[in-house]
Amino acid sequence: MESSHIHNMLRLHMMFCFFLRFLLIFCVISSHVLGDKAFTGTYGVNYGRIADNLPSPQSVVTLLKAAKIKNIRIYDANHEVLTAFKGSGIQIVVGLPNEFLKDISVGEDRAMNWIKENVQPFLPGTKIRGIAVGNEILGGTDLELWEVLLPAAKNVYSALDRLGLTDTVQVSSPHSEAVFANSFPPSSCTFREDVVPFMKPLLQFFSQIGSPFFINAYPFLAYKNDPQHIDINYALFKKNPGIYDAKTNLHYDNMFEAQVDAAYAALEKAGFEKTEVIVSETGWASRGDENEAGATEKNARTYNHNLRKRLLKKKGTPYRPKMAVRAYIFALFNENLKPGPTSERNFGLFKADGSISYDIGFTGLVPSSATASLLSFRGIGFSHAFMFTSCAAALLLVLGS
């Protein structure tokens, strides 16, 4: 009787040992799988930092992981940010700011130096997946920058090529709606005549290297500039009659998709019908000045909630139904030092303290007892913290037996 009891205890102990070994192996394997998983979704966020009151980059990583945001853009190549994102698995596009373009356009060696300082040292731990060369250059007011954009982009690509990084890091350049002569209805959209001599060679180059066309598309700005003629429900993805494009026989029930298809129409007319459109910025301000129509917290919540829901369906547009729309939301935080009207400082999904600006399904780094435990795991993220806790619990269970 006693020997049978001892036998059962030994068998139980062996089972626990086997379970513990399996769990520990699972923890190790899972951490690698989670770390190496490529971004395949459609939702990203712009992480702007023109502010003096934002959470640390390490806390931002925790915030993004909690929100399951796997893709971000920054507007420079800040080393503190790039270091904080090491091992996070979050894919990041860095920015080559406008003020560097003239220097980078002079020679490939300048681009090489910039990449060796700001990109290469952080790979592969930090998943730098793109370099945005300049921001909203064509259509802007600095004509000198128009001339140097293409040579700068070519030098950046050549330097990446020499370093064997072109399969990892994509070269692109985001544009504003100012590059278009008109965009309504979508099928009528064309590039501005003065922009075409600069845009076509740039598109030719990006077509050769397989880069998408990045457009900053803001229904908010369109509505703000013409609230008398634009239905707010059409801008916010709410129920509305929509618009009909007679040339394509397509119906649009929201402005966001119309803006994306307008970009496709302009590309097609320029001879680049196979180029993918990615929205590099879109968002809605939660506050504004008296003359900024539509800039309310309610509208910002409605736009961002409906946009997120729409992107997560991984659907195409009426004109490109098989090409899932991908977009980066502007922006992660309200940025208190941005110049311009009040709206510029109030595009954030989150406030400076890490709490949500309004509820679209994210939790945020809320100032409560949960914050301490949240931040204690900020370097490894929620999924790894959970697995670590599970492993520790199993070990205690076995030791207790």
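The structure is a predicted model. The chain comprises 401 residues, of which 50% are buried, and contains 13 helices and 13 strands. Among contacts between residues at least 6 apart in sequence, 69% join residues at least 24 apart.

**Largest pocket**

- The volume of the largest pocket is about 600 Å³.
- Its lining consists of 22 residues, and those nearest the centre of the pocket are Glu136, Tyr218, Glu281, Lys338 and Glu344.
- Classified by type, the lining of this pocket holds 8 charged, 8 nonpolar and 6 polar residues.
- Helix H8, which spans residues 219-225, contributes the most to this lining, with 3 residues.

**Serine 343**

- Serine 343 is located in the loop that runs between strand E13 (327-330) and helix H12 (369-376).
- The relative accessibility of serine 343 is 1%, so this residue counts as buried, the cut-off being under 20%.
- Beyond its neighbours within four places in sequence, serine 343 contacts Phe220, Lys224, Ala285, Arg287, Gly288 and Glu292.

**Aromatic pairs and cluster**

- The chain contains 20 aromatic pairs.
- One of these pairs is formed by phenylalanine 191 and phenylalanine 213, in an edge-to-face arrangement with 5.9 Å between centres and 70 degrees between planes.
- Because phenylalanine 191 belongs to strand E8 (residues 190-191) and phenylalanine 213 to strand E9 (residues 213-216), this pair ties together parts that are 22 residues apart in sequence.
- Phenylalanine 191 and phenylalanine 213 are both buried.
- Phenylalanine 330 and phenylalanine 347 also form an edge-to-face pair, because their ring centres are 5.5 Å apart and their planes meet at 65 degrees, an angle over the 60 degrees required.
- This second pair links distant parts of the chain, with phenylalanine 330 in strand E13 and phenylalanine 347 in the loop between E13 and H12, 17 residues apart.
- Phenylalanine 330 is buried at a relative accessible area of 6%, and phenylalanine 347 is likewise buried at 5% relative accessibility.
- Phe330 and Phe347 belong to one aromatic cluster, whose other members are Tyr75, Tyr218, Phe220, Tyr223, Phe237, Phe256, Trp284 and Tyr303.

**Charges over aromatic rings**

- Arginine 73 places its charged end over the ring of tyrosine 328, at 5.9 Å from the ring centre.
- Arginine 308 is positioned over the face of tyrosine 43, with a distance of 6.0 Å to the ring centre.

**Backbone geometry**

- The peptide bond between leucine 123 and proline 124 is cis, with omega at about -5 degrees.
- Proline 124 lies in the loop between helix H5 (108-118) and strand E4 (127-133).
- A cis peptide bond also leads from phenylalanine 330 to alanine 331, where omega is near 10 degrees.
- Alanine 331 is part of the loop between E13 and H12, the loop in which serine 343 is also found.
- Asparagine 249, although not a glycine, has a positive phi of about 60 degrees.
- The position of asparagine 249 is in the loop between strand E10 (243-245) and strand E11 (250-252), and at 55% relative accessibility this residue counts as exposed.
- Lysine 314 is not a glycine, yet its phi is positive at about 55 degrees.
- The loop between helix H11 (297-312) and E13 holds lysine 314.

Definitions and conventions: Residues numbered from 1 in each chain as written. Predicted model: local features only at pLDDT ≥ 70, side-chain atom pairs only at ≥ 80, totals over all residues. Heavy atoms only, no water. Helix = DSSP H or I, 4+ residues; strand = E, 2+ residues; numbered from the N terminus. Buried < 20%, exposed > 50% of the residue type's maximum accessible area, 1.4 Å probe, protein only. Contact = heavy atoms within 4.5 Å. 1 Å grid on protein atoms, 1.4 Å probe; cavity = no way out; pocket = protein on both sides within 12 Å on 5 of 7 lines; lining within 4 Å. Points joined across faces, edges and corners; volume = space filled by probe spheres on them. Nonpolar A, V, L, I, M, F, W, Y, C, P; charged D, E, K, R; others polar. Phe/Tyr/Trp six-rings, centres within 6.5 Å; stacked < 30°, edge-to-face > 60°. Lys NZ or Arg CZ within 6 Å of the ring centre and 35° of its normal.
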